[in-house]
Amino acid sequence: IADYIGELQDRYGWPKYIRTTTGKNKVDRIIRVMRKARGALPMTAAVQSMNPEVLKNIKRDNIKLETYQAIQEELDAQGMQSYGELILCLPGETRASFMQAVEKLLDAGAKRISAHQLMLLHGAELANPESRQRFGFDTRFRVVARNVGNYTGTPLIEVEEMVVATPDFSFKDYLDTRLFHLLLTIYYYEGNYEEAFEFARRAGLKPFDLVVALAEMIGEAPEQFRRVLAEFRSESQEELFLSREACLTWARAHYAELVDGSLGGNLLSKYSMIGRFYATLASLDFLEQGILRATAARGLACDAEQLATVIDYLRSVVLHAPFAEAMDRPVTWTTRYDVERWAADGYERDLAGYALAAPETSAAVVEPENRALIESKLATFGEHPAGLGKFTRTMFARQLRRALAPRSEAARTSA
């Protein structure tokens, strides 16, 4: 199959993105398949937890962190990506141990972290009365995202039971971690704001520590972005019910809104789309503010002018809603630093080493092939948070960018 996909890519330039779960145990085979798929298939590592006590409780073994790091080095060398998957509120997990797992995965090079929620499914061992009592699960019910329909004259609504707290993981921990995960998804998803995070890393600030700092600064975020985060936290509580019956009663009363997407759905997806594509400039302002604050708090040197250059670069190239207007709008960017060559060289030196002899202005444009791809996705899925959540799962985040027109090599004076 991978050989045939590679043949299709060579012949037709398609598919450009493949979304599936690769597993994590047969590493050599997975990497071989990823190479054949020309980097269109990211690797997923569903580790669930990195806490030995938790893994014992759920009877799972994990890939060793050292092995994962070695895999990531190979993937980086091939220009490929990997994702990590965790589950909230597993028995024995604390917020501290969960956050440590996120930090380890990010340090190892994961480009996206999915923090799934623990569902108690019929027939699963954790759903048994003995497990519920042993681990002290506190559960709530909610409508399964997009699992509603009317096919026979009676609305059909699927409900799931999920764990929102344990003796080791409070409900406040659950909400705080969900909000942290939203920030991580908005800012770090597949390297969508990679240049800013790499600038911070060069200053001594790790991606994990930067997102933690942003979570601690939410009250100081620009109003538009702060409102996105507040609405996510509020709706994350409002979607939960103490009983299946209460959930179904609410869902029947709000069936029309569940169908049109104004209520319900995958809240993390919905609000990450709003944060990335509707509050884009406010989110970038907050990111710049967070880097300055976090580096200063740690006594790290951070050149404000160079950081402003990186953030302004992102403002110029990152696309946002409404997409037709954004793709048609003429955009120019004037800079004293060659940010794109700095990125192409793997951020191995400080941005100061890529100073230009004089400021240069470039046009930022959407390339025809990329425009056609985006327009096709919008026509298929629609330009609203639920639709954007679907079409962004069919392409890499960095494809949603303008490209800078090439500049003369003679003007570059990188040290």
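Is aspartate 107 buried, partly exposed or exposed? I looked up its relative accessibility, which comes to 40%, and I therefore record aspartate 107 as partly exposed. I keep in mind that this is a predicted model.

Next I looked for a partner and found that the side chain of aspartate 107 forms a salt bridge with that of lysine 206, at 2.9 Å from N to O. I placed aspartate 107 in helix 5 (residues 95–108) and lysine 206 in the loop between helix 8 (194–202) and helix 9 (207–216), so that the pair, 99 residues apart, links distant parts of the chain. Lysine 206 is partly exposed, with a relative accessible area of 26%. I also noted that Glu103 joins Asp107 and Lys206 in a network of salt bridges.

I then searched the whole structure, and the search returned 25 salt bridges. Among them is the one between glutamate 125 and lysine 59, whose closest N and O atoms are 2.9 Å apart. Because glutamate 125 sits in the loop between strand 3 (112–117) and helix 6 (129–135), while lysine 59 sits in the loop between helix 3 (52–57) and helix 4 (65–77), this pair ties together parts that are 66 residues apart in sequence. I list glutamate 125 as partly exposed, at a relative accessible area of 45%, whereas lysine 59, at 61%, is exposed.

Last, I checked arginine 140, whose side chain meets that of aspartate 138 in a salt bridge of 2.6 Å, N to O. For aspartate 138 I wrote down a relative accessible area of 30%, which makes it partly exposed.

Conventions: Residues are numbered from 1 along each chain as its sequence is written. This is a predicted model: local features need pLDDT of at least 70, side-chain atom pairs count only at pLDDT 80 or more; totals for chains, interfaces and linings use all residues. Side-chain values use heavy atoms; hydrogens and water are left out. A salt bridge is a side-chain nitrogen of Lys or Arg within 4 Å of a carboxyl oxygen of Asp or Glu. Helices (H or I, at least four residues) and strands (E, at least two) are DSSP runs, numbered from the N terminus. Buried means under 20% relative accessible area, exposed over 50%, partly exposed in between (1.4 Å probe, protein chains only).
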